[in-house]
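Please look through the sequence and the 3D structure shown below before reading on. The briefing after them is written for a reader who is new to describing protein folds.

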Amino acid sequence: MRSLPAADPGVPDARSPIGYLLWVARMQRGPLLLGIGYAILWWLAMALVPAAIGNGIDAITPKAKDLPALITWGAVVLALGIIQAVMGVLRHRMAVYNWLAAAYRTVQVTVRQSTRLGATLPKRMSTGEVVSVGNSDIAHIGNAMDILLRGSGAVVAIAVVTVILIGASPQLGLMVLVGLPLVAVAVAPLLKPLHRRQNDHRDLQGDLATRAADIVTGLRVLRGIGGEQVFADRYGAESQRVRHAGVRVASVESMLEGAQILLPGLLIAGVTWLGATFAMRGEITAGQLVAFYGYAVFLIAPVRTLTEAADKLTKGHVAARRVVRILALNPEVEGGTGRSEGGLLRDVTSGVAVRPGMLTAIAAAVPEEAVTIADRLGRYSDGDVDFGDVALDTLPISEVRRRILVADNEAQLFAGVLRDELDVTGRASDEEINSALQAACATDIVEALPGGLEGRVAEAGREFSGGQQQRLRLARALTLDPEVLILIEPTSAVDAHSEARIADRLAKARAGKTTLVCTTSPLVLDRTDHVIYVEGGVVRAQGTHRELLAAHPGYTAVVTRGEES
């Protein structure tokens with residue numbers, strides 16, 4: 001089996017589901033064409049068997065008694081069987097390769113686009129819609145590529161058999177030639193409702209996945225307020241809607257399956273009856289009658305394959321629609337090609353200026369205002385921001401992400417080894433990781449975890465409490481050691497004793513490095529070099545924590561409220 005393709009450069013500019021499927025086909029046209037070639041030979045080997053058997057039967061009739069011809073046609077049947085077996089294996093291998101290539105190429109472009117969109121993606125699409133791409137859509141897109149092999153071969157096989165039948169008996173050949181399109185036309189009306197119901201079912205599955213993700217994320221809160229049963233009932237109701245939608249899809253699919261058996265069966269019966277009539281009249285030989293019957297039975301397979309192709313291509317079209325919906329999104333912010341030597345990071349709109357090499361804090365009357373400013377400083381939303389003497393929006397997004405890190409409490413902990421979770425670049429030493437853990441007061445978490453740094457973290461770090469997760473997120477940010485670190489409420493979930501220790505250690509760990517902390521905690525504010533008080537989205541006062549406490553009542557009220565809470 002050949003290896004799967006490497007990541008494709010760029011994201012495809014697919015404007016429609018069909019356009020995306022064609023792009024996937026073009027990206028793997030070599031394996032597709034090779035697989036189609038194998039499929040054609042496989043089908044042809046099967047298609048020629050009835051003719052060889054018929055000629056062999058005619059060779060042993062009382063009139064012929066041609067033993068050499070019988071041996072020859074027997075050898076032909078054997079050769080066709082060998083070709084069929086070999087081509088069948090090769091076709092299947094290429095079918096699996098094309099399935100995997102299409103599925104994982106879809107994963108590649110979807111993940112790449114998700115990375116490119118960044119914070120834009122959760123604002124535009126639900127979790128369930130994105131998860132459904134990996135859960136089911138990649139399989140349907142893979143099936144669409146897989147069926148192209150057998151479907152193309154089936155068309156060729158039907159054409160060859162039709163020519164053979166017309167050559168032997170024009171009436172039988174025309175019957176097959178007219179009957180096959182009628183079978184296809186009779187099945188076609190079932191495809192449109194199937195397409196519609198599959199689309200509805202897929203949308204409901206995405207909504208249900210979103211509901212499940214929301215419940216899992218907020219499970220602790222639900223338990224605290226006693227809302228578990230309410231959300232469980234809602235999930236159950238939505239699950240039933242998904243089930244009913246699945247039953248509606250299955251009802252059409254069952255009718256399609258029945259039509260695939262009934263309609264070709266009627267065609268076989270007609271061909272067999274007409275062929276037997278011609279044989280009784282002496283218009284065709286006994287061998288030709290057997291061959292006609294064999295062809296009638298054989299044609300069931302390619303006709304069913306064409307119906308299966310229509311079904312799988314329909315499902316692939318529905319699946320590709322969701323992928324295209326993701327690919328059609330554009331990031332809310334775009335980068336340029338400029339360069340910056342760094343320096344003062346200044347948000348012109350609010351007046352917030354983060355001085356290089358200092359530990360700065362933003363204390364906002366409304367916490368959301370500090371988050372908005374942090375998003376602009378980290379280039380997660382548009383804004384008039386300068387980085388040194390250069391506008392931040394002129395820098396490439398990749399460079400901004402590398403040099404400026406915004407760490408908030410929405411960041412996720414992923415399943416895997418804790419070391420990999422903390423050292424996302426894989427370049428930090430044990431000493432650097434341990435220093436970050438020490439600064440975040442998270443060494444006790446690692447010591448309690450079986451295996452320590454080599455221990456495994458469950459999905460979303462669910463084995464850790466909220467405070468432990470927050471300290472691990474802080475340790476991860478410190479391990480990365482960016483040029484500019486922006487922390488949003490890094491101690492909101494820890495006790496006062498731990499908060500004081502983190503504040504002390506954070507100041508030492510980031511000494512001489514540009515750091516901004518968005519917080520109203522007096523324990524943290526008292527250990528910063530510079531505090532900026534924001535009210536109404538703009539800077540109202542600046543200074544040290546103690547200076548602002550003494551001189552600005554608004555700041556005092558905000559900080560006092562933080563102490564009382």
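This is a predicted model: local features need pLDDT of at least 70, side-chain atom pairs count only at pLDDT 80 or more; totals for chains, interfaces and linings use all residues.

Residues are numbered from 1 along each chain as its sequence is written, and side-chain values use heavy atoms, with hydrogens and water left out. Helices (H or I, at least four residues) and strands (E, at least two) are DSSP runs, numbered from the N terminus. Strands of a sheet pair through backbone hydrogen bonds, either parallel or antiparallel.

**The sheet of 6 strands**

- In the order β6-β9-β10-β3-β11-β12, 6 strands form an open sheet with mixed pairing, where two strands pair if DSSP finds at least two bridges between them.
- The edge strands, each pairing on one side only, are β6 (404–407) and β12 (538–543).
- On average, neighbouring strands of this sheet are turned by 20° against each other, direction ignored.
- Strand β3 (residues 359–364) pairs with strand β10 (residues 514–518) in the parallel sense over 4 bridges, and Ile-362 stands opposite Cys-518 in β10.
- Helix α18 (residues 466–480) lies across β6 and β9 (484–488) and runs at about 170° to β9; axes are lines fitted to C-alpha atoms, for helices over the stretch in contact, and angles run from 0 to 180 degrees between N-to-C directions.

**The sheet of 4 strands**

- Another open sheet has 4 strands in the order β2-β1-β4-β5, with antiparallel pairing.
- Its edge strands are β2 (352–354) and β5 (390–391), each of which pairs on one side only.
- Strand β4 (residues 385–387) and β5 run antiparallel and are joined by 2 bridges, and Asp-386 has Ala-391 in β5 as its bridge partner.
- Helix α13 (residues 367–377) lies across β1 (345–347), β2 and β4, and runs at about 125° to β1.

**The packed helices**

- Helix α3 (residues 49–59) and helix α11 (residues 286–298) pack at an angle of about 160°, with their axes 7 Å apart.
- That angle makes α3 roughly antiparallel to α11, a term for angles over 145 degrees.
- The contact (heavy atoms within 4.5 Å) involves residues including Pro-50, Ile-53 and Ile-57 of α3 and Val-290, Ala-291 and Tyr-295 of α11.

Methods: Angles under 35 degrees count as roughly parallel, over 145 as roughly antiparallel, 65 to 115 as roughly perpendicular and the rest as oblique.
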